Amino acid sequence: MEVNEMIKPENLVVGRTSVLKECPMHYCPGCTHGVVHKLIAEVVEEMGIQDSTIGVCPVGCSVFMYNYMDVDMAEAAHGRAPAVATAISRLNPDKYVFTYQGDGDMASIGCAEIMHACNRGENIVVIFINNAIYGMTGGQMAPTTLLGQITATTPYGREPKLHGYPLQITELIAQLPGTCYVTRQSADTPAAIRKTKAAIKKAFMNTRRGVGTSYVEVVGTCASGWKLSPENANEWMRQNMFEKYPVGDLKDI
Amino acid sequence: MAKFIGTVVVDKDRCKGCNLCVVACPLKVLELSVGVNVKGYHYAEMKSPDSCIGCGSCGVVCPDAVLSVYRVKAE
Amino acid sequence: MAEVALMKGNEVVAEAAIRYGCDGYFGYPITPQSEIMETLMIRKPWEETGMVVLQAESELASINMVYGGASSGKRVMTSSSSPGISLMQEGLTYMAAAELPCLVVNVMRGGPGLGTIGPSQGDYFQAVKGGGHGDYNLIVLAPASVQEMNDFVGLGFDLAFKYRTPVMMLVDGIVGQMMEKVTLGEFKPRWTKEQIEQNAPWALTGKKTGAPAKYITSCFLDLSQLERVNEHLQAKYKVMKEQEVRFVNNDCDDADIVIVAYGSVARICRKVAQLAREEGIKVGVLRPITLFPFPTVELQRLAAMGKKFISVELSAGQMVEDVRLAVGNDVKFYGRTGGIVPTPEEILEQIKKMV
């Protein structure tokens, strides 16, 4: 069969969802943010909820998420996305409200807001990207930075005496009675990405049930911050991150 | 079991040459181009199109959603 | 028939919010204003109007909940007192930049620092000069009675949406805590979805087919774009200065000495003016109702008539700077700090020195 005969809409198995805008994403090559943006957009398209989804962007690399997602979005102050989403959700109970935050935004400066939003059981979807580093500001230590990991502010490696320990915030979140679904996934292989998409979809579906906060951590890479190629970053993640941040469901009610 | 053939269409000027699709392809169909696109990246292209089964793995891992994967049943 | 009640200033804010169709209140307890949220929780407006009331985990969270609610075009508010308002400055500068309307009630207490729970006007600079980072202003309303605390809830929401800006009701602890007779407003329904889309077309209400998705942001990395945003904000403030100045002129036109005072202090100064006139000194009181925009033009009109000015405040000399900007440096100041309120007699002593 000629190639041109194959290229028909009915034969398309993977394509670009219309819920992603045309604007090229500013992320570095191989960035996990792009993958997860795409997955959220695909879920919104598949569920037919583009007109009833409101997202909240963080401060960090994904600050401009509203340029890429073709849904209504609010840009929150650093760490405050769960508070912003709380009000949007409570005042617009017919909407699917999600937050999107990185590890610095959510697990450091925004630790109080995420804990209390989850503890109140806000009917929102929380997407948490954990790449163990501050990407946008140039690769400084994050709360999730691993022991020994070299960053711009731990140039000799993270040392507990000096910098404290990696924060397993997802394990803390899972203990909060307000959460109904807490899971940790990754985005390094086609199979892992398909699982992550299923998790995001389940989280959005939970909004319809209104039984608590759904929380999806995606362990991701920061090739630029880690100073590795995208494929080596994935390998580094598998070898180092998964031990501290094992993938799988922590809670599913 | 039915066999499939597939093909990948690359929106080459949006490709950032991260190489993740090349790694993800189980049949080593893709590689990065020798030349560069308008952004200066070596973009993904099909090195051995005949091997493609349209599994979609490359498209799934692409962070910039620049790959479209088509698949048909082999005659 | 209008409904009359005897209420605390703080309590009436809660009642007025419910009656004005407020969609949401998000707050955190702090003296001397906790009655606002307590009254709302007792009133349970969610059963009556659907208004959301939520005790947040902090003032940071409160103001960002307000940011979220305002993003979706809702009439939302918070209240706090000085230290809590300091924590909200981040949210307020973001809201000013993103052009989000809201009402913030600051029932001021003595500072700096943790200070005291006694009344104060020490947050004047913070309120009228922006407060957070960057070039912006809030509309600042200064009630002097329980009735005005009632009335300024509706006025605050109206101005907030008219200009797409945060509005602050700047109250000293006396007005917040005292009980007075108040005529309550009529019940107004909350805005419907259709009204929100009409009154706030910028609001996040879900992407419409064929229309681009909307977003709310205060991030403009392109330098010239950010300068255009600033120019737009400044143009808005210029219109406010031309159209929204509010004040009360009590017998200033025939006076030789004009006391400039706001909030509860203005009421004490009315007594001072009375006592002074009994002694043959012609004193008037100019009470700014809007502290931003400031009644500069009115002060200049009075200055052109050759009057002397004194600014009396529950602070160490903050509003006096704006009076001086309006009429020149020859403005006397008298103030008390630390939560202490001056007596009419001690202010009168200052007036006598000006004769």
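Two strands count as paired when DSSP finds at least two bridges between them. The legends below use that term for a predicted model.

**Strand pairing between chain A and chain C.** β3(A) and strand β9 of chain C, residues 215-216, are paired in the parallel sense. Two bridges link these strands. A:M73 has C:Y215, a residue of β9(C), as its bridge partner.

**The sheet that includes strands of chain A and chain C.** Eight strands make up an open sheet with mixed pairing. Their order is β8(A)-β6(A)-β7(A)-β5(A)-β4(A)-β2(A)-β3(A)-β9(C). The edges are taken by β8 of chain A, residues 248-252, and by β9 of chain C. Each of these two strands has a single partner strand, so one side of each has no neighbour in the sheet.

**Parallel neighbours inside the sheet.** Strand β2 of chain A, residues 53-57, pairs with β3(A). The two strands are parallel, and four bridges join them. Which residue of β3(A) is the bridge partner of A:I54? The partner is A:D72.

**The contact area between chain A and chain C.** On the chain A side, 32 residues are in contact, and they meet 33 residues of chain C. Together the two chains bury about 2,700 Å² between them, and 61% of this area comes from carbon and sulfur atoms. Within the area that chain A buries against chain C, A:D72, A:E75 and A:L91 supply 23%, more than any other three residues.

**Charged and polar pairs between chain A and chain C.** Four salt bridges are counted between these chains. One of them links C:K193 to A:D94, with the closest N and O atoms 2.8 Å apart. The polar contacts between chain A and chain C come to 15 residue pairs, with both residues at pLDDT 80 or more. On the side of chain A that touches chain C, at least two residues each come from β3 (72-75), α3 (81-91) and α5 (111-120) of chain A. α3(A) gives the most to this side, with seven residues. Sorted by class, the side of chain A that touches chain C holds 15 nonpolar, six polar and 11 charged residues.

**The contact area between chain B and chain A.** How many residues of each chain take part in this contact? Chain B contributes 31 residues and chain A contributes 33. The area buried between chain B and chain A is about 2,600 Å², with 63% of it on carbon and sulfur atoms. B:R14, B:V60 and B:Y70 account for 23% of the area that chain B buries against chain A, more than any other three residues.

**Charged and polar pairs between chain B and chain A.** One salt bridge is found across this interface. The side chains of B:R14 and A:E22 form a salt bridge, at 3.3 Å from N to O. Polar contacts between chain B and chain A number 12 residue pairs, both residues being at pLDDT 80 or more. β1 (4-10), α1 (20-24), α2 (57-61) and β4 (67-73) of chain B each give at least two residues to the side of chain B that touches chain A. The largest share of this side, six residues, belongs to β4(B). By class, the side of chain B that touches chain A is made up of 17 nonpolar, eight polar and six charged residues.

**Strand pairing between chain A and chain B.** Strand β1 of chain A, residues 12-14, is joined to β4(B) by two bridges. These strands run antiparallel. Within β4(B), B:Y70 stands opposite A:L12.

**The fold of chain B.** Chain B has two helices and four strands. Along the sequence they follow the pattern β-α-β-β-α-β. Along the principal axes, the C-alpha atoms of chain B fill a box of roughly 40 × 20 × 15 Å.

**The fold of chain C.** The secondary structure of chain C consists of 15 helices and 15 strands. The C-alpha atoms of chain C fill a box of roughly 70 × 50 × 40 Å along the principal axes.

Methods:
Residues are numbered from 1 along each chain as its sequence is written. Chains are lettered from A and ligands numbered from 1 in the order in which they are written. Side-chain values use heavy atoms; hydrogens and water are left out. Contact means heavy atoms within 4.5 Å. Buried area is the accessible area (1.4 Å probe) that two parts lose on being put together, summed over both. A polar contact is a pair of N or O atoms within 3.5 Å; within protein, one must be able to donate a hydrogen and the other to accept it, and residues adjacent in sequence count only if both atoms are side-chain atoms. Ala, Val, Leu, Ile, Met, Phe, Trp, Tyr, Cys and Pro count as nonpolar, Asp, Glu, Lys and Arg as charged, and the others, Gly among them, as polar.
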